[in-house]
Each structure stands twice: as structure tokens, then as C-alpha cells.
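Biologist: Could you take me through a structure slowly, and show me how each kind of feature is read?

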Amino acid sequence: MRQEAVSLLRCPICKGALSQEGNSLLCAKRHCFDVARQGDVNLAPGRRADFYTKELFVSRAAVFEGGVFDPVIEAIGGAIERHVRAAQPVLVDAGCGEGYYTRRVLAERAMTRIGFDLCKEAVRLAARSDKAGSYFVGDLANIPLEDACADVLLDVFTPANYAEFARVLRPGGVIVKLSPRAGYLVQLREAAKDQLRHARYEGGRVEEYAASRMQVLETREITYTLPVSEALVWHLARMTPMLAGVDLERVDLSGVREITIDETMVVGQFTK
Ligand SMILES: C[S@@+](CC[C@H](N)C(=O)[O-])C[C@H]1O[C@@H](n2cnc3c(N)ncnc32)[C@H](O)[C@@H]1O
Ligand SMILES: [Zn+2]
């Protein structure tokens, strides 16, 4: 946990400012949160993430490192360059998972990088692989960050809490929200269709909902198809919640040689 991030945190219990004493973060009421050796801290005590497992995030990391999402990283970086003027912006990655986007988006630009997620194992992976960023276990419904502290709120394939996002964003700050479209990983869904209720994913109504909650500055579709190795297909099948409940031992993935990434990126701003 880096000092520039500690100064932006608030206690999830009483909402008072937190400061570091030794290996703990404390508020004025002495609510205490221990910083782990790896640097992460649990600011959602008693809350448990359901469904997401460490294995899913290990496979996600393998897919990310395989470059499958590099064009998405570029698109997010481009959006930040177009819309964020601050010399050293504060980027908050809400539902950061194992932290790939937190550490890789505009990796060369000086930023205060903060990632949080409800899944402890994911946050530990993130903290371990990135000493330049700060990571904590936190709940979207009670983000343990001060009001008006962030320039960019990144939300990649994670539920949005627009009330909390509006609170933590500075005036003029932007949300960059990514969500899957109908073609996302279509080859995997096709291979597993016997076990899926809907082989076709219809995509959410994220754009309309986002537009009803904030002023949309831009919307982009990010769509491409890449060749993938057998090893990467193995991880792709294990990294996506879309195949949750599917018995992968019974899915023949041998015919999957390419994979489609199909996403929408919405960039928005709150007008108060
Ligand atoms: C599909 S994953 C995306 C993770 C990461 N953004 C990525 O693209 O790899 C969705 C994430 O949302 C997190 N999440 C779900 N509900 C949450 C909540 N209430 N507070 C914080 N994180 C939450 C999950 O733990 C999970 O890591
Ligand atoms: Zn407190």
C-alpha cells in the first residue's frame, strides 16, 4: 500500500480518514486494518466474494499475459488520453480482479493506481505482481475511498455502483466502463452449447443504463478475432464466468483455434 493511496482511503465502518501506523491502517475511532506482507489490506471485513475463485484469476492472468486483451488495454489508454487532463491522475479500478488493467493501462504514464475487489485471492495476486499500485479488498457498495478523489474510474466487466462512482470521482472525472457484447468468446460458448441454457449471449443493456445515469462522452465497440494456442484455449475456458457451471471435462475444445473479443467501451461523466 503506497502512501499516496493511503491518504485517499477512508474507514469502511465509520467513514473517517485512515492513516498508517506500522503495518496497520487506523481511523480516529481506532478501527484497525492490517496491511499484509504483500501490501494488500482488507477493507471489507466480513464480506465474502461469491463464485470467483483463485483458479479463475490465475487463468485470467495467463490469458492477459498471452496478449489476448492488448487491444482493449490500448482502447482504454486512448480514452484516458482523450478525456483526462490531470498531470498525475488517480486511477481507481473497481472490481480489479488480479489487477491486469490496473497495472497495464497507460503503463508508461505517471498515475496513482488503485485497484480493489471483493475477492481476497484476486487482490492478493494483484498486490503481489505490482508494487507500483495499491490494492485492497473493498466493496463496490461501500467504497473505502474519500469523496472526490479519483480522476478515472475503471470498471471492466464488473457491476457498476453509479452512486458510489459519482461520490468518489472528482468533478470532471470520467468513468470508463467495459462490458461484453454478443460475439464475446463466441467460439467457447459454441463448443459448450450442450451445457448452456443460451449458447448466444445477448449482451446487457449497459449502454442505455449508463446513459441514463451519466453524460456519455463516447462509446466504442472493440471487436477482433485472434488465433490462439491450445494452452491459451484451456485458460480462456477457465477464466470466464460465462462458462460457470459448465463441466469443462465434457467440452471438446480441440476445434477452437481462434477467439473473438467483442466489447463495448462507454466513457462517461457525471454532471452535478
Ligand atoms: C468478471 S470479473 C472482472 C475482473 C477484472 N476487472 C478483469 O477484467 O479481469 C468481475 C469482478 O467483480 C468483482 N466484484 C463483484 N461484486 C463486487 C463487489 N460488490 N465489490 C467489489 N468487487 C466485486 C468480482 O470479485 C470479480 O473480480
Ligand atoms: Zn472507523
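**Reading helices, sheets and a ligand shell**

Modeller: Let us begin with two helices: the crossing of H2 and H5 is right-handed, a crossing being called left-handed if the near helix is turned anticlockwise from the far one by less than a right angle, and right-handed if clockwise. This is a predicted model, in which local features need pLDDT of at least 70 and side-chain atom pairs count only at pLDDT 80 or more, while totals for chains, interfaces and linings use all residues. Residues are numbered from 1 along each chain as its sequence is written, and chains are lettered from A and ligands numbered from 1 in the order in which they are written.

Biologist: At what angle do H2 and H5 cross, and which residues make the contact?

Modeller: Helices (H or I, at least four residues) and strands (E, at least two) are DSSP runs, numbered from the N terminus, and axes are lines fitted to C-alpha atoms, for helices over the stretch in contact, with angles from 0 to 180 degrees between N-to-C directions. Here the axes of H2 and H5 (residues 120-129) come within 8 Å and cross at roughly 35°. Two residues are in contact if their C-beta atoms, placed from the backbone, lie within 7 Å; H2 contributes Lys 54, Phe 57 and Ala 61, and H5 contributes Glu 121, Ala 122 and Leu 125.

Biologist: Which residues of helix H9 are buried, and what covers them?

Modeller: A residue is buried if 20 or more other C-beta atoms lie within 10 Å of its own, exposed if 12 or fewer, and partly exposed in between, the C-beta atoms being placed from the backbone. In H9 (residues 230-239) the buried ones are Leu 232, Val 233, His 235, Leu 236, Ala 237 and Met 239, and their cover includes helix H2 (54-65), helix H7 (186-191) and strand S11 (258-269).

Biologist: How should I read the order of strands in a sheet?

Modeller: Two strands pair if DSSP finds at least two bridges between them. An open sheet has 3 strands in the order S1-S2-S3, with antiparallel pairing. Strand S1 (19-21) and strand S3 (32-34) stand at the edges with a single partner strand each, so one side of each is left without a neighbour in the sheet. Between S1 and strand S2 (residues 24-26) there are 3 bridges, and Gln 20 has Leu 25 as its bridge partner in S2.

Biologist: Which residues come nearest to ligand 1?

Modeller: A residue is near a molecule if its C-beta atom, placed from the backbone, lies within 6 Å of it. Of the 20 residues around ligand 1, the nearest are Gly 95, Gly 97, Leu 118, Cys 119 and Leu 140.
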